[in-house]
Structures are given as structure tokens and as C-alpha cells.
Amino acid sequence: MEDFRRLVEQAKLEGKEYSAWHMPAEEPARVTGLPMRVGLGAWSGVLPEDEVHVHLGNHAMPSTALFLIAPFQEAVHDGRITLVGPDIPRLPAGSVPFALAVVGWGAGLTPDQIKELRRGLQLTDQIEGFAQRSALREVRFTLSRDLFEKGASFRHIGQAFLHFYRTQYPGLLQAVEVVFLTASTVAVAALRRMAESIRDEMATSWRARLAQKAKARDDCEFEWECEECEYQRVCEELRDIIRLREDLSNG
């Protein structure tokens, strides 16, 4: 979290252009008055190239999306939407560097719950005109020309994300904020490396959890796992016998 905050503050100092808005926590379902439809099935999720106003990341411009778990609730500016860089009305047609970060905190989150929260960044049809185009480890987005012409702001998209996380995961998160970067190629590239590191750590942790669930003996025919087995003592004796036979054979 400290590295993330430092990168965002550095981008603010370098670009000298940022905005901040706040959506009160007591209004989790308020999405009226937005210039686009919001919610599951709000639109097709498909944005043809001739309807794109700007690419938020491409082969030449870095982009990323990451979900960060704060170490404690006070480390999250609950309900805040921060934009570092120009807002949608001032984005040039073409492509810009882009980072989307959701920061959340919840009491007693499990690894599976955190994985589910991070999966929430994989947009399909939730925010009209804001489409995700990703390939392998590259996360990219596009904004529609219609959204641009309606005068949409990242405040509106941030509000949609807050709405989504507050309504889809009400029992998991007690605090959530959203941060966008549309400037500072260096900061976006650093955040992309951070996102990749988080994914690698999750993959390593997941493999370790799977390894713990593996049976201690390949010839075991019980359906349950070792830690739930009432025959652990007998199994340990059998493993000792198997090990002794292998040593004698190798000797």
C-alpha cells in the first residue's frame, strides 16, 4: 500500500493535474443521473473500433487494473474517487496510458474472497461505453465516442465501480475507494509491475494451498484429505515402512 500511495502522489506532483470526488457510503445504490447505464447487463460490452473515442492503453501505452487490500480500514479513503491526469472531456482521441485501482478493506477476508474481489475488475457488460479489451497479462480499456459526447467523467465511472463493489460484495467490504491515472507513463508502468507481482504472489499461494491438500501417499484410496483423516497415525507408520523399503532397495 505504501508503494501504491507513493506512486500516486508522485504522479500528482509530476502532472500537477488531479481531481477528487466523494460518494457517501450511505448511498451505495445511487447511480441515477449518470450519463450511462450501470449494472449487470447494462449493455452488450462490445465496442466496435469505429465507435471508440480513446484507447486506455495499447501496445505502445502501458495500462493496468489492480485491486489492493489495505492493511487496516483507516488506510482506505472510503467513497473517494481520485483522478490523476486529464478527465474524459480533455482526453485526446487516440490512446493514453491508463491505470485503474480499487482499494478495499474488509474484516477477516479469506484468500478465496480476495480472489473474488479481484475478479470484479474483469468488466463485461456493467458500465455502458467503458469496455475492457485484454489479452494474456495486458489489461486495456476503451471509451466510447458516445460517452465522450455525453460529457462523461471518471467521476461517473468511479461512482459505477463504487456502486458495483458496495452492492455486489456488501458483506465483504467495509471501505472502498477508486483511483484512475490517465497520465504519467512511468507511474502506470510501475503500477502494472505491481499488479503483475500481486498476480504472481496469488498464483504461488494458490499452488501452495493445492500442494497442502495433496495426499501424503499416492496409494491412499480415501476420498478425504490427510488433515481430516482419522487414520493419520496408521498412515505415518505405513509411510515409514515404505520409506524403509525404498532405502533398502536403493542400498
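Ring pairs join Phe-98, Phe-130, Phe-141, Phe-154, Phe-161 and Phe-180 into a cluster; here, rings of Phe, Tyr and Trp (its six-membered ring) pair if their centres lie within 6.5 Å, with planes under 30 degrees apart called stacked, over 60 edge-to-face and the rest tilted. This is a predicted model, where local features need pLDDT of at least 70 and side-chain atom pairs count only at pLDDT 80 or more, while totals for chains, interfaces and linings use all residues. Residues are numbered from 1 along each chain as its sequence is written, and side-chain values use heavy atoms, leaving out hydrogens and water.

The structure holds 11 aromatic pairs. Take Phe-67 and Tyr-165: their ring centres are 5.4 Å apart and their planes sit at 35 degrees, so this pair is tilted. Phe-67 belongs to strand 3 (residues 63-69) and Tyr-165 to helix 4 (residues 154-168), so the pair ties together parts 98 residues apart in sequence. Helices (H or I, at least four residues) and strands (E, at least two) are DSSP runs, numbered from the N terminus. Phe-67 and Tyr-165 are both buried, as in under 20% relative accessible area, with exposed meaning over 50% and partly exposed in between (1.4 Å probe, protein chains only). Phe-130 and Phe-161 pair up edge-to-face, at 6.3 Å centre to centre and 85 degrees between the planes.

Then there's Glu-177, found in strand 9 (residues 175-181). Glu-177 is buried, with a relative accessible area of 0%. Leaving aside neighbours within four places in sequence, Glu-177 is in contact with residues including Arg-5, His-77 and Leu-162, contact being heavy atoms within 4.5 Å.
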